[in-house]
Amino acid sequence: MTGTLILLTLAMPAGLAAHSTLVRSQPPAGATLTTPPGEIILWFNERLERQFHAVTVTDGQGRTIPTQNPHVDRADPTKLTVTVEPLPPGVYLVRWRVLSRDGHVAEGAFSFSIQP
Amino acid sequence: MIETADMLIRGIGFMGIVVSVAGPILFLVVLRPALSVTGEEGLNQEIGRRIARTCLASGLLLASATAGAVFFVGAAVTREGASLWDLALLKRVLLETAHGNILLLRMAGGIGMVLLFRFIALSPASPRLWGAATFAAFLTLATFPLSGHAAALPTREVLAMTVDGLHLFGVATWIGGLFHLRLLLGSLARDPVTIATAVRRFSPFALASAGLLIATGLINALQYVGSLTALLVTPYGLTLTAKLVLLIPLLTFGAVNFLILRPALQHTKQHDDDPLLRRLTTTMQGELGLGLVILLLVGALTALPYPVEDSPGTSDLAPVFSRLTPRWPHFSSPTAKQVWEQKLAQKGTPNPIRSADAIAYAEFNHHWAGAFVLVMGLLSLLHAFRPRLAWGRAWPLTLIGLSIFLFFRNDPGVWPLGPISFWQSLTIVHVLQHRLYVVLVAALGIVEWLGQTGRIRRTWWTYIFPGICVIGSLMLFLHAHGGLERADSLTHIQHVVIGTLGLSAGVSRWLELRVQGEDRLYGRLWGLSVTLLGLFLFLFFREQ
Ligand code: HEM
C-alpha cells in the first residue's frame, strides 16, 4: 500500500488504452496513390459494434473532407467502410474511432497521399 | 480515475455473479442432500433461507454494477464532449449495440434474481422457486462471456466464449461457494457436526472447480496472451502474471483445507471454541480473501487490451530485464529549484523532454521513500517475531516520516521548496491529489500507532489500512498503461511487482487482524511483503 501511495503520490496521470487495433486499411497507412480512392476501408482485430464509430478525413490544411455512409460490414464485423468524394492530389489524415463488441473504445489515425 | 472505477465496477460485478450462481448450487447439490440424509429438515430450511438472503444481496450488487458498466461504456463513447449524464445516449448504448443489449439482459437477470431470492427467503422449501432462481443465475452468468473479450474475437469466438463461461462457472462454484460457506460457518458455529458435514461435502467440489478453472484459464491465457514475452512485458500479460502469483497462496490455502483440516474435522465433536474450527475459519478466510482480490484483479484484466496480436520473440525481454538490476541509491539529488527551472525553460516547446535532473530527482524520491517502507517492513517483522519488543510496535511511525518526506519532495515547483505558494498549489489538481495522499499516509500512521500502543480500541477502522493496500495496489495494474505498446514496459513491470507485493501485504495484514494474534504467520507475511516492497523501491526502482 505504501508503495502504491508512493507511486500514486509521485506519479503522473494515466494514459489511454488502445483496444481494437487497426490491422490494415485500404488505402494502406503511408501509401502514395496515383488514383483517388472511392472509399476508405479499415480492418480491425476485433468485431465492431454497428454504432458509435467515426471516420474523419482531413486534408493537408486541416479541412474536413465530407464522407458518407460509414458502416460496419454485416458479413465481416471487423471491417469498417466509409465513402469519400473524389479527392484532389495532396496528403490526407484519416482518424478513426470504434466501439468493439466487448464495450471498449479505441481510436487512431494514419495518413496517405495522392500524387498529381 | 475513471479507469479505476471501471475496474472496480467490473470486479464487483464478478463478485455479484459468482456469489449468486454459487448459492443455489451449494444448497441444492452440496448441502441439502447431505443434511437430508441426517434428517435435518429444519436446519436445511434455515440454511436455504440464509443462502437466499446472501444471493439477494449479490443480485442487487450485480444489477447495480451492471448499471455502472453502462455508464462506463457511455463515458468511453463520449470521450469527446457530450455529457456522461446524457440519458438519450445511454439509451442508445443499451438498445442499439450488442454489448448494450447484453448488459440490459444482465441487469434484468440481476433484478429477476433479487425477486426470486426474496421469495425463496420467505419459503425456502419451494423446489420451483429454487429451480427458477438457478435458471436466472445461469442465464445471467452467460451474459459475461457474451460481452467480454471473447465476444469481440474475430474468429473462434464461440469456442472462446464457451471456455470463458466454464471458467466463470468454475470461479462461482469454488470462490462463490466458499463465500457462502464462510458466512454459514459464522451462523452455524455452535454446530460443529453440521460444519464438518458441509465442509466435507464441499471440498471435493471445490477441488474439481479449481481443476476446471486452471484448465480453462490456461486455454484463455493461450488465446489472449500467446507468448511468454507478452506475458511478461504487456500490461495485460503482467496483470495475468500477478493473478498467477496470487493463485499460489490461494491454492496453498485450499490444499491446507483439503488435506489437513478436512480430514481432521471428521473427529470434531466439540463446540465453538474448537481450535480446529478456528483454524479452518482462518484458512477459509485466507482462501476467500485472495479469491475476492483475484476477482478485482480480473476487473483490471478484462478492462485492459489483450496482447495476442503483438507476439515478439523472447529475445525482446533482455533489454527490459537488464534494467531491472539492483543499484545503490544516490545520497544526493538535484535541487527542487534546478528541476523547476528546467521545467519552466521547456514550457511551450511542442515535445518537452524530461531532463536528466528531473529523472534523478524522481528516482531519489522513490529510492528514499522505499527506505522508509523498508524500515517499516523490518520493524513489522521484528514485531511479528518478537511481539514483546517495543521497537517492533513502532512501525506505524515510519508512515509519518514517509509523509513528511513526500510532502517536501513531491512537487518541486510548489511550497515549501518551490516558488508556487501553498494556497496557489492547492488549485493545481495533481498537486492537490499528491497532498491528499500525503495526509492519508500521515493519518494512517497516526491511527495505526495509536491502535498499536493500545490508546484507541481496534474496531472496524483497522481494516481501512489493508483495504487501502488492496485497492491502491489494484490501481497500479491500470495506472499509466499504454495499450499494446511495450515502450513503457519497465514501468509496467515495476507497477506489477509493487502491486503484487502490495496485494500480498494487504491480504496478510487483513488476516493478521482477523486472527488477532493467534497465528503469527500472517503478521510475518505482512512484514515480509512490506520489506520486499521497500527493498524493491530502494534498490531497483528506475524511471523509464
Ligand atoms: C491458472 C489459472 C488461471 C489462468 C491462467 C486464468 C486466466 C484467465 C484469462 C486469460 C482470462 C480472460 C480475461 C479476458 O477476458 O480478457 C480469465 C478470466 C477470468 N478469470 Fe481467470 N485464470 C486463472 C484462474 C482464475 C482464478 C483462480 C479466478 C478466481 C478466483 C479467476 C477468475 C476469472 C474471472 C472472473 C474471469 C472473467 C471471466 C469472464 O469475463 O467471463 N481465474 N482468466
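A residue is counted as near the ligand if one of its heavy atoms lies within 4 Å of it. The structure is a predicted model, in which local features need pLDDT of at least 70, side-chain atom pairs count only at pLDDT 80 or more, and totals for chains, interfaces and linings use all residues. Residues are numbered from 1 along each chain, chains are lettered from A, and side-chain values use heavy atoms, without hydrogens and water.

The shell around the ligand holds 28 residues, of which B:H149, B:D164, B:H167, B:Y236 and B:K243 come nearest. By class, 20 residues of the shell are nonpolar (Ala, Val, Leu, Ile, Met, Phe, Trp, Tyr, Cys or Pro), two are charged (Asp, Glu, Lys or Arg), and six are polar (the others, Gly among them).

Polar contacts are pairs of N or O atoms within 3.5 Å. The side chain of B:Y236 places a polar atom 2.6 Å from an oxygen atom of the ligand. For B:H167, a side-chain N or O atom is 2.8 Å from a ligand nitrogen atom, and a polar side-chain atom of B:D164 lies 3.2 Å from a ligand oxygen atom. Two or more shell residues come from each of α5 (127-147), α7, α8 (192-224), α10 (235-265) and α11 (275-303) of chain B, helices being DSSP runs of H or I with at least four residues, numbered from the N terminus. The largest share, seven residues, is given by α8(B).

Helix α7(B) covers residues 157-187. Of its 31 residues, 22 are buried, that is, under 20% relative accessible area with a 1.4 Å probe and protein chains only. At 1.5 Å a residue, α7(B) should span 45 Å, and its end C-alpha atoms are 44 Å apart, which agrees; the expected span is 1.5 Å times one less than the number of residues. A kink of about 25 degrees is centred on B:A172, the bend being the angle between axes fitted to the seven residues ending there and the seven starting there.

Notes: Buried < 20%, exposed > 50% of the residue type's maximum accessible area, 1.4 Å probe, protein only. Polar contact = N/O pair within 3.5 Å; in protein donor to acceptor, adjacent residues only side chain to side chain.
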